[in-house]
Amino acid sequence: MWTILLVEDEGFVREAIRELLDWESHGYCVAGEAGNGEEALAAILELKPDVVIADIVMPGMDGIELLKETRKAGIRSRFIMLTAMNHFDYARDALQYGASNYLLKLSLNDDVLLESLGRIKEELLAELRGAGEALYPFYHRIWAGIQGTGAAVQANLAELTSSMEKFRNLSLDIVVVLSGGVPASLDQAGIWQEGYLLVQSFHDAGQTTFFCWKFRKKGDSAEGNSLVRLPDDWLQAVNRLNGDWYSQEAYPAAREGVTPIEELEVELIRSFEELNEAKCAEAAAQIWEGMKASSLSHVEVKKRATHLLHILTMLAGRKTEDETEVYSAVSHESLLAHALQAIRELIRHKREEDISYTDHPEVNRVIQYMAEHYKENIKVTDLARLVAINVDYLSTVFGKKTGLTPIAYLRNLRIEQAKRLLLHSKLSVEEIASQTGFTDDAYFIKTFKRLVGQTPSSFRREKKD
């Protein structure tokens, strides 16, 4: 309810005004009363009412002085001044100092008072909407904290002084829905807008948050300002979606004995390096099951999926993929389907880029085989047998079409893969040597230095600096 302070030195007049309206039915409540200007100023400083209905002429501090002192204190309460027939000069002064209206006591009735209160209510709502717009940077910072850490950030409330005042008597309902790539509507969220003073929407990362502000009801807990609690309340509302994300009524409880997700990710990366789609699909499914078993929130799932696809994209030598599809996912299963499709596309691109196709079908088959099996101990005789031609003839035609011998081509392919792993993985030099088909670490380092011009360690250090 918008709050009202009644200020009138005549007690029976205050009572008459108090009984004039069913205040609550019109969105107001009488929060206090005062019999003179000094009492009224103390009440205004404490209550900060939205509206002050005050007599102009009172003993001691009159209504005009009360208005002036209120403005000096930085309080923007609306003033409706009451005046007698012979006090129009006072009324004019009241308007000059910012009173919303003045009303004649003798002709005061519910219609006249409601007309003034209606205009004031529209002004108050407009101010509230303006203060609400100023909250959006605050919302963005909190959301960045939820996405980045999985925990609410401590809000810097110093810059929200005016908003703190506007929203201090309001309660907040936070409604979050998984809405995909487009914002959800109020109907989709089951929100009745008329039940709130202000409804704000915030769409990002596949979900829409509605901040629904309303007056506190009598008996509602008034523990602290809703803005102070907003970071934690928002995080709780976001986490309540986890049941919807995993397509089950209850959020899954974390299970013990689950293979760490980091180990599963290493297995996926290895399968990707082998360009093995089947193994990649199996590893990805295990990762998704592991995230579910670990009870990760859907925010953390999207963050991990984005990071993992980024690594694979870098390993494939591609530019970073658009993250829109990841964050637009509305379920655990749909995000897995997107990830598998992205992995298949990356493997296809990697195969195409790793292979310099020629116009000779047998040479192309040999190149394709080397790209898929470079980790293995490949001999020229194996390659000749693959395409059913003589070893010498294969070496001759391969050299004509690529400018390299089969072994030199295989060596270069291995070195290029080693360079990717040095840049985009945390594997040691020895592990990378093994992963790229070099059975001897020293030979790998010697070959790498001869072809690249520096050792693997120096290459990694230089490129990451």
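This is a predicted model: local features need pLDDT of at least 70, side-chain atom pairs count only at pLDDT 80 or more; totals for chains, interfaces and linings use all residues.
## A walk through the model

In the hairpin of β7 and β8, two residues sit between the strands, and Ala-205 has a positive phi near 55 degrees. Residues are numbered from 1 along each chain as its sequence is written, and side-chain values use heavy atoms, with hydrogens and water left out.

Strand β7 (residues 198-204) runs antiparallel to strand β8 (residues 207-215), and the two pair over seven bridges; strands count as paired if DSSP finds at least two bridges between them. Within the pairing, Phe-202 stands opposite Thr-209 in β8.

Phe-202 also leads us to Tyr-139. Leaving out residues up to four places away in sequence, Tyr-139 touches Gln-200, Phe-202, Phe-211, Trp-213, Leu-230 and Trp-234; contact means heavy atoms within 4.5 Å. Tyr-139 is also one of the residues, with Trp-213, Leu-230 and Trp-234, that touch the most other members of the largest nonpolar core, a set of 47 residues. Helix α5 (residues 110-133) gives the most to this core, with seven residues. Apart from this core lies another, of 45 residues, including Leu-335, Leu-340, Ala-418 and Val-429. A nonpolar core, by the way, is a set of buried Ala, Val, Leu, Ile, Met, Phe, Trp, Tyr and Cys residues joined through side-chain atoms within 4.5 Å. Buried means under 20% relative accessible area, exposed means over 50%, and partly exposed is in between (1.4 Å probe, protein chains only). In soluble globular proteins, nonpolar side chains tend to be buried together.

Now for a couple of helices with a buried side. In helix α1 (residues 11-20), the buried residues are Val-13, Arg-14 and Ile-17. They share one side of α1 because they cover an arc of only 100 degrees around the axis, the arc being that of the directions from the helix axis to the C-beta atoms. On the other side of α1, Phe-12 and Glu-19 are exposed. What do the buried residues of α1 pack against? Their partners are β1 (2-7), β2 (28-34) and β4 (78-83).

After α17 comes Ala-388, with a positive phi near 60 degrees.

On to the charges. The structure holds 18 salt bridges, a salt bridge being a side-chain nitrogen of Lys or Arg within 4 Å of a carboxyl oxygen of Asp or Glu. One of them joins the side chains of Lys-68 and Glu-65 (3.5 Å, N to O). Both residues lie in helix α3 (residues 63-72), three residues apart, about one turn of the helix. Lys-68 is partly exposed at 24% relative accessibility, and Glu-65 is partly exposed at 34%.

Another salt bridge brings together Asp-233 and Arg-229 (3.7 Å, N to O). Asp-233 and Arg-229 are separated by about one helical turn because they are four residues apart in helix α9 (residues 226-239). An α-helix has 3.6 residues a turn, so residues three or four places apart point the same way.

Glu-265 lies in helix α11 (residues 261-273) and Arg-304 in helix α13 (residues 298-315), so the pair ties together parts that are 39 residues apart in sequence. Is Glu-265 buried or exposed? Glu-265 is buried, with a relative accessible area of 12%, whereas Arg-304 is partly exposed at 26%. Elsewhere, Arg-76, Arg-78, Glu-123, Glu-127 and Lys-166 are linked in a network of salt bridges.

Last, the cysteines. How many disulfides does a search of the whole structure find? It finds zero, counting as a disulfide a pair of cysteine sulfur atoms within 2.5 Å. Cys-29 is partly exposed, with a relative accessible area of 23%, while Cys-212 is buried at 0%.
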